[in-house]
Amino acid sequence: MVQRYVRIQADSGTVHYGLFQLDHSVILLSAAPWLGGQALDMAVSEGDYRLLAPCEPSKIVAVGRNYRAHAAELGNDVPTEPLLFFKPPSAIVADQEEIVYPPQSQRVDYEGELAVIIGKQVKNISEEEAASAIWGYTIANDITARDLQRQDSQWTRAKGFDGFCPLGPWVVRHIDPEAHLETIVNDEETPRQATAISDMVFAPPMLVSYISQVMTLYPGDVILTGTPEGISSLQVGDKVEVEIEGIGNLTNTIIAPPLPAPELPAAVELEADS
């Protein structure tokens, strides 16, 4: 079995990195694997932990329009160099967690993506050096408030709501360059998105090198490599799954925002008996 590195919260409340096993137990690691964590003689059984997003990045650097067909479906040209933006770490949610549909938006889209996990601190590295800086891969869903993206002059609000970066369920060290990505909504027979990750305009090593010319990348940082064509909107109650061959399946459900608390009637002051 391919080793699958996870991050969990045990029922005791403690958070651990670990190795996911066939019986769904988790062998604990002494630290994050990209920080040299080693397997301990300790395991947590299925049912005694909650799966978390597999890393805690200092930043999430995302790449826009990195598939030609996706750029075309939005009426945009393919960038001549990577188009970068940020998603805040506060947007991260784990596999099986819910995503709140923000009341500010009338159109929320999925964007299934391959995510790269950085394994060491790097700055100003070449493409050749970048290959060794990539520790592993996971799955991401770059949830986007499309109407707000078109309305605003930049993408922070549209991409940054809490819950707008599902990540997981685990990290694997290697992936087939020809692996396929699919996005499925509500168990539909035909995927909404279906393509090989090799269709990217800029491959992961190039992206890591390019981003490192701008900012220092730290162990555990995440790079979202872009989404293929086939985006469409999600509604409250929808289940969205992103599958990548060799990694697995990332599943989340869209829920309605909480209703505002009702206004309480004004307190009535009673006069004291005279």
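## Salt bridges, cores and a sheet

Let's start with a pair of charges: Asp221 and Lys59 join their side chains in a salt bridge, 2.8 Å from N to O. A salt bridge here means a side-chain nitrogen of Lys or Arg within 4 Å of a carboxyl oxygen of Asp or Glu. The model is predicted, so local features need pLDDT of at least 70 and side-chain atom pairs count only at pLDDT 80 or more, while totals for chains, interfaces and linings use all residues. Residues are numbered from 1 along each chain as its sequence is written, and side-chain values use heavy atoms, leaving out hydrogens and water.

**Salt bridges**

- Asp221 sits in the loop between helix 5 (204-212) and strand 17 (222-224), and Lys59 in the loop between strand 5 (49-52) and strand 6 (60-64), 162 residues apart. Helices (H or I, at least four residues) and strands (E, at least two) are DSSP runs, numbered from the N terminus.
- Asp221 and Lys59 are buried, where buried means under 20% relative accessible area, exposed over 50%, and partly exposed in between (1.4 Å probe, protein chains only).
- Lys87 and Asp142 form another salt bridge, at 2.6 Å from N to O. Lys87 belongs to strand 7 (residues 83-87) and Asp142 to the loop between strand 12 (134-141) and strand 13 (144-145), so this pair ties together parts 55 residues apart in sequence.
- Asp109 and Arg146 also meet in a salt bridge, at 2.8 Å from N to O. Salt bridges with shared partners connect Lys87, Arg107, Asp109, Glu111, Asp142, Arg146 and Lys159 into one network.
- The whole structure has 13 salt bridges.

**Nonpolar cores**

- A nonpolar core is a set of buried Ala, Val, Leu, Ile, Met, Phe, Trp, Tyr and Cys residues joined through side-chain atoms within 4.5 Å.
- The largest has 39 residues, and Val208, Ile223 and Ile247 have the most contacts inside it.
- A second, separate core of 38 residues includes Ile60, Phe85, Ile143 and Cys165.

- Five strands make an open sheet in the order 9-20-19-15-16, with mixed pairing. Two strands pair if DSSP finds at least two bridges between them.
- At the edges are strand 9 (98-100) and strand 16 (193-196), each pairing on one side only.
- Strand 9 runs parallel to its partner, strand 20 (residues 248-255), over 3 bridges. Within strand 20, Ile254 is the bridge partner of Ile99.
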